[in-house]
Amino acid sequence: MTGEHERADDPFIAEEARWADRYGLLFLLILLSLVLTAANTTWLKIAAVLVQGGVVLFAFLAARAGRRAWRVAVVLVPLAVILGIVGRFGDSRAAEAVAAAMNLVLPAAAIVVLGRRIVMEPFVSSRTIIGLLCVYLLIGMTFAATYITIAVVSGEPFFVQTDQAQPVDFTLATVGYGDLTAANPMPRMLAAIEGLTGQLYLVTVVAVAVSRVRTRRDRSPEG
């Protein structure tokens with residue numbers, strides 16, 4: 001009992017509880033981050049990095065990450081954001097590679113912490129489904145960041161049709177509206193894996209979770 005009272009009085013726990021399981025707001029933040037990938041100015045690209053960092057930090061809050069994990073996130077996420085912003089101002093390949101790597105690390109970290117929380121859920125609810133959809137969008141962001149990193153590090157055109165690809169071109173399994181195709185075998189294989197991952201995730205993980213959703217009435221004890 002004492003331990004419970006101590007946790008209830010802990011300001012950190014109380015603040016964390018306010019934002020726990022706010023998957024809906026996290027979903028909107030992820031959508032905003034995706035929209036900003038279409039940014040065509042330096043300042044909007046910086047805003048995209050800031051929003052992506054915010055997505056990760058909020059994912060830690062929504063996932064009720066432990067205090068140790070939260071402390072690590074508070075240190076590493078701002079560092080990743082700073083490196084990403086520095087990369088936006090740099091013209092060298094090294095600076096661009098750093099920015100691309102940060103865009104890869106941030107959504108990947110959010111997937112790990114959010115997925116761990118969802119797996120620990122005692123039952124499936126509509127809130128859980130939204131959390132799973134958040135993971136789905138984050139997987140897409142991670143693949144897109146992977147393609148961008150490959151393009152920057154290799155120094156070669158990623159697509160057959162253009163050598164001046166924009167970040168938004170790397171979404172949707174690198175095919176966009178059907179007018180772009182990856183030039184090299186590795187990106188093509190990754191695009192195929194992304195497509196399969198997305199399909200399998202929706203028809204297995206999300207579909208099974210939806211079939212097991214329990215309403216508030218279902219969770220109430222009989223009588």
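**View 1. Helix α8, residues 185-211, in a predicted model.** The 27 residues of helix α8 should span 39 Å at 1.5 Å a residue, and the end C-alpha atoms are 38 Å apart, which agrees. The expected span is 1.5 Å times one less than the number of residues. Helices (H or I, at least four residues) and strands (E, at least two) are DSSP runs, numbered from the N terminus. At Y201, α8 bends by about 35 degrees; the bend is the angle between axes fitted to the seven residues ending at a residue and the seven starting there. Residues are numbered from 1 along each chain as its sequence is written. In this predicted model, local features need pLDDT of at least 70 and side-chain atom pairs count only at pLDDT 80 or more, while totals for chains, interfaces and linings use all residues; side-chain values use heavy atoms, leaving out hydrogens and water.

**View 2. The buried residues of α8.** These are P187, L190, A191, E194, G198, Y201, V206 and A209. Buried means under 20% relative accessible area, exposed over 50%, and partly exposed in between, with a 1.4 Å probe and protein chains only. The buried residues of α8 pack against α7 (126-154); contact means heavy atoms within 4.5 Å.

**View 3. The largest nonpolar core, with 55 residues.** L26, I30, L114 and F170 touch the most other members. Two or more residues come from each of α3 (23-36), α4 (42-62), α5 (67-89), α6 (93-119), α7 and α8. The largest share, 14 residues, belongs to α7. A nonpolar core is a set of buried Ala, Val, Leu, Ile, Met, Phe, Trp, Tyr and Cys residues joined through side-chain atoms within 4.5 Å. In soluble globular proteins, nonpolar side chains tend to be buried together.

**View 4. Surroundings of F170.** Not counting residues up to four places away in sequence, F170 touches A144, Y147, I148, A151, F158, F159 and A165.

**View 5. Q52 in helix α4.** Q52 counts as buried because its relative accessibility is 9%. Leaving aside neighbours within four places in sequence, Q52 is in contact with S33, M102, N103, L106, P107 and M141.

**View 6. The chain as a whole, with nine helices and zero strands.** Of its 223 residues, 37% count as buried. Among contacts with a separation of 6 or more, 68% join residues 24 or more positions apart. The chain exposes about 12900 Å², of which carbon and sulfur atoms supply 65%; accessible areas come from the Shrake-Rupley method with a 1.4 Å probe.
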